[in-house]
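The following paragraphs lead through the architecture of one protein chain. The sequence and the coordinates are shown first, and the discussion then moves from element to element.

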Amino acid sequence: MFGVLVVEAPDGRIGYLRAFSGMLGDRWHVEGFAPPLFDPAVRDAFWPAGEAELRALDIRHTELLEGPEPTALRASLAELTTRHSAAAAELKARHEAQRRLRHEARQRLADSAAGEAERRAALHALGQESRADDLERRRLDTAHHQEREHVVSALRALDARRAELEHLRAERSRQLWQQMAQAYVIPNARGAQTPVGALFAPEPPPGGAGDCAAPKLLAFAYRHHLKPLALAEFWWGAPPLTGDRRAGKFYPACQSKCGQVLPFMLEGLNVEPAPRLGPEPIAEDEPKPVYEDAWVLVVNKPCGLLSVPGRHDSQRDSVLVRLRRRYPEASGPLIVHPLDLEVSGLLLAAKDPETHAALQRQFARREADKRYTAWLEGAVTGDQGLIELHLRAGSVDPVHGKHAVTEWHVTQRTGTRTRVALFPRTGRPHQLRIHAAHPLGLGAPIVGDPLYGQDGPRLLLHAEALAFLHPRTGERIALDCPALF
């Protein structure tokens, strides 16, 4: 964020100041811009050593993520997966051939003149063969699972060490910031001053409090006896991953930091009422229609809004409750395929029971197509592939789980993250999130996933494309709703 403050000098001249949030080009001090609020001498007394310590932790973390050991383990796992897939395919082909032979044998028995006892014995033998095939498949799945387990366990151990390092780094970073915050003194128009920590007490100040453009501008103006007249902040550069900023657009000051700092700094000035800080709460956003006719409705569900209410509160705020208010004449279940609370994107609804049933049959038969986009935390090996894991109760269970299939394609890579397109071929609970995070899947959790990765401002998973056959018109409907992250 960049900021501009129009000011009036004591002699009545009008001018302006400019500032940037945080650092610009890895520098705190840039000629022509307002300086930071902290005392450079205090910072230089401890911060360089602290930064060196954090860099060392980052290097160790990178080694555990991309070094020789994790690279070799992932390669071994990929080799096992390829070999196991080939063995499973071979077994499946053999079992299908045997199944056809048994079917033919049963037909011959039905047409033969064999006695009842002979027919019963033959059918029993065929059933035994079928059960033997099923047992052989389960034994193969178990053997493959056990063979992979030592590699998966080693990867889990690396994950645990990485998590420990991440916790250690976060704690050390927090300690450094707490020490740094003591060097921030916040002034206001009355001439009063307070340490930044006092504005957030009893909680510690969040990282970067006082480093936004607006506090820098106001502090510089007060220090040089300039009267603030008007302030504006705008975003410049590529949008952040959250997608809530666009270059050249003006935005109000942030709520998490400036929401506590600016009210104090503006004391003593005649100011307009504060603008609403931040975006509208997601739960208040209306699901916006993307497609609608007399039978079908597709909306863009915002992150943070339930698709359907819970079993114990039928009127809980959700897409379903809002659609029933918006379309009181609609009947039936309405929602065809719900999205998780944290997932945004295209959600399909039907306005009558017949249309609803027809659309659900398409999803059950995998005749409808869905595409999701997601940012993953970490590097992904390869550019595309197919994930097949058996899922049960939110975890991978190769013996008792249900078959879950996801196709994936890499669409973008950054230094630490990978953007992928995900095509679920089945619809198991949390399928995409588990397939992304699990070592036998992509091995990189979706950004902001508190269940299978690291918590964040939001889950960066969006249902961006949907295609289905219209049950009433027979037309193929294909819709796109790009993610804003």
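In this predicted model, helix α5 (residues 213–223) and helix α6 (residues 258–265) have axes that come within 10 Å and cross at roughly 20 degrees. Since angles under 35 degrees count as roughly parallel, α5 and α6 are therefore roughly parallel to each other. The crossing in which α5 passes α6 is left-handed. On the side of α5, the contact involves A214, P215, L218, A219 and Y222, and these meet C258, V261, L262 and M265 in α6. By class, the residues of this contact divide into 9 nonpolar, no polar and no charged.

An open sheet is formed by 3 strands in the order β2-β1-β5, with antiparallel pairing. Its edge strands are β2 (14–20) and β5 (227–234), each of which pairs on one side only. On average, and with direction ignored, neighbouring strands of this sheet are turned by 20 degrees against each other. Helix α5 packs on the sheet and touches β1, β2 and β5; the direction of α5 makes about 140 degrees with that of β2.

The pairing can be followed in detail from strand β1 (residues 2–8). Strand β1 is joined to β2 by 7 bridges, and the two run antiparallel. Within this pairing, V4 stands opposite R18 in β2, while the bridge partner of V6 is Y16 in β2. The hairpin of β1 and β2 has 5 residues between the strands, and in this hairpin G12 takes a positive phi near 95 degrees. Strand β1 is joined to β5 by 7 bridges, again with an antiparallel course. Here E8 stands opposite K227 in β5.

Helix α3 (residues 68–111) packs against helix α4 (residues 116–181) at an angle of about 175 degrees, and their axes are 11 Å apart. Because an angle over 145 degrees counts as roughly antiparallel, α3 is roughly antiparallel to α4. The contact of α3 with α4 has 18 nonpolar, 7 polar and 14 charged residues.

Helix α4 has a further contact, with helix α2 (residues 47–66): the axes of α2 and α4 come within 10 Å and cross at roughly 165 degrees. This angle makes α2 roughly antiparallel to α4. Helix α2 passes α4 in a left-handed crossing. The residues of α2 in this contact include W47, L54, L57 and L64, and those of α4 include L158, L165, L176 and W177. By class, the contact of α2 with α4 has 11 nonpolar, 3 polar and 8 charged residues.

How far does the predictor's confidence extend over the model? The protein averages a pLDDT of 89, and 95% of the residues score at least 70. Among the elements of the protein, β2 has the highest mean pLDDT (97) and helix α1 (residues 40–44) the lowest (83). Over residues 276–284 the pLDDT is below 50, although this stretch has 15 contacts in the model beyond near neighbours in sequence. Where pLDDT is low, the predicted coordinates should not be read in detail.

Notes
Residues are numbered from 1 along each chain as its sequence is written. This is a predicted model: local features need pLDDT of at least 70, side-chain atom pairs count only at pLDDT 80 or more; totals for chains, interfaces and linings use all residues. Side-chain values use heavy atoms; hydrogens and water are left out. Axes are lines fitted to C-alpha atoms, for helices over the stretch in contact, and angles run from 0 to 180 degrees between N-to-C directions. Helices (H or I, at least four residues) and strands (E, at least two) are DSSP runs, numbered from the N terminus. Angles under 35 degrees count as roughly parallel, over 145 as roughly antiparallel, 65 to 115 as roughly perpendicular and the rest as oblique. A crossing is left-handed if the near helix is turned anticlockwise from the far one by less than a right angle, and right-handed if clockwise. Contact means heavy atoms within 4.5 Å. Ala, Val, Leu, Ile, Met, Phe, Trp, Tyr, Cys and Pro count as nonpolar, Asp, Glu, Lys and Arg as charged, and the others, Gly among them, as polar. Two strands pair if DSSP finds at least two bridges between them. pLDDT is the predictor's confidence in each residue, from 0 to 100.
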